[in-house]
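Please read the following briefing alongside the sequence and the coordinates.

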Amino acid sequence: MLTPGDLILLVSPKGKQYLRKYDPQAKLHTQDGVIDLAQVAQAGYGGVIASHMGSLYRVLRPSTYQLIKGVKRSTQIMYPKEIGYVILKLGIGPGTRVVEAGSGSGGLTTALAYHVGDTGRVYTFERRQEFYELSGKNLEAAGLVHRVARYHHDILQGFAPQGMVLGDPASDPSGADALFLDVRTPWDHLEQAAAVVCPGAPVGFLLPTTNQISDLLRGLETAPFEDVEVLEILVRRYKPVADRLRPEDRMVAHTGFLVFARHAGTPFTGSIPVLERVRPAPEHADDAAAVPEAVEASPVPDTVPAADASEPVGSGPLVSDNKDVS
Ligand SMILES: C[S@@+](CC[C@H](N)C(=O)[O-])C[C@H]1O[C@@H](n2cnc3c(N)ncnc32)[C@H](O)[C@@H]1O
């Protein structure tokens, strides 16, 4: 049952789309005529309504993908293909507190706000007034602005803007679970980024050129981050014709590169326990599936002998032989 304020996506057979909040009093003026939105409640999601000229529109519940595509933009927005991976890599889910800059048109902010739910929080920073306002309007239109602390603020000054109430998680991003930067020179903000997230937090960056990645990698080398990963995501669409199935003639060849890392937290120094390699007992030596009964931790000396240092700690097969499937 649709109630006023619910988001609706009206789609014509030709693919024309209108994203709106359902208001039974409203009239939508389209090239196909005027649509009286009072019809929406009876049609429901999946149903069909008509303009005064008889043009038909299907009523759909917009997905996050469609919310992002519906963002009015004055800046380049992030593409859903990158956003999807970012959501997974940063572990964004209900209750997550995530810091983001710059807000731009609010494309990524929309997706983050959707996924953190009502128990999470997005803290987004934008230094230009016009984009600060635009991203606010887009979040309002998507019905997600209440999950976002929005700051008109240059992150060169750090992540403690004017108006923030220290210690109040509704406005203070300190100890955030994750961070993402889509700004031109992220290497200028690494110290501040490390200071605002909790130890071990995942962080990510979007950059359009490879020389920017090199600058960021140099910055990450001297900042408290580890587990650095660089990647790009390509999507190749196919013409959905069963008898002549083949790729589209054109594709978007480049949008941006993604860089991920993790806040280093406690440094790897001193004595740490490691898991010993476990070999099958002699009577099971030929049984590849043999599972060790116990895996014991043993202390390692502060100084690891040079010969061992090149080998990753615990690199032997411990329990299973799973391949990296990332
Ligand atoms: C490419 S846009 C971000 C687009 C956004 N991710 C989206 O999906 O809509 C980059 C934004 O970062 C903002 N920006 C750049 N440097 C900044 C800084 N130091 N502090 C805050 N915002 C900054 C720019 O004004 C611009 O709006």
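This is a predicted model: local features need pLDDT of at least 70, side-chain atom pairs count only at pLDDT 80 or more; totals for chains, interfaces and linings use all residues.

Residues are numbered from 1 along each chain as its sequence is written.

**Helix H4**

- Helices (H or I, at least four residues) and strands (E, at least two) are DSSP runs, numbered from the N terminus.
- Helix H4, residues 107–116, is mostly covered, with nine of its ten residues buried; a residue is buried if 20 or more other C-beta atoms, placed from the backbone, lie within 10 Å of its own.
- The buried residues of H4 include Gly107, Leu108, His115 and Val116, and the helix is followed by Gly117, whose phi is positive, near 70°.

**Ligand shell**

- Of the 22 residues around the ligand, Ile77, Gly102, Gly104, Gly107 and Arg127 come nearest, where a residue is near a molecule if its C-beta atom, placed from the backbone, lies within 6 Å of it.
- The elements that give two or more residues to this shell are H4 and strand E8 (121–126).
- By class, the shell has nine nonpolar, seven polar and six charged residues; Ala, Val, Leu, Ile, Met, Phe, Trp, Tyr, Cys and Pro count as nonpolar, Asp, Glu, Lys and Arg as charged, and the others, Gly among them, as polar.

**Nonpolar cores**

- The largest nonpolar core has 48 residues, and those with the most contacts inside it include Val98, Leu112 and Ala176; such a core is a set of buried Ala, Val, Leu, Ile, Met, Phe, Trp, Tyr and Cys residues joined through C-beta atoms within 7 Å.
- H4 gives the most to this core, with five residues.
- Apart from it lies another core, of nine residues, among them Leu9, Leu10, Leu37 and Ile49.

**Strand pairings**

- An open sheet of four strands has the order E2-E1-E6-E5, with antiparallel pairing; two strands pair if DSSP finds at least two bridges between them.
- Strand E2 (17–21) and strand E5 (48–50) stand at the edges with a single partner strand each, so one side of each is left without a neighbour in the sheet.
- Three bridges join E5 to the antiparallel strand E6, residues 56–60, and Ile49 stands opposite Tyr57 in E6.
- Strands E3 (residues 27–30) and E4 (residues 33–36) pair in the antiparallel sense over four bridges, forming a hairpin with two residues between them, and the bridge partner of Lys27 in E4 is Asp36.

Methods:
A residue is buried if 20 or more other C-beta atoms lie within 10 Å of its own, exposed if 12 or fewer, and partly exposed in between; C-beta atoms are placed from the backbone.
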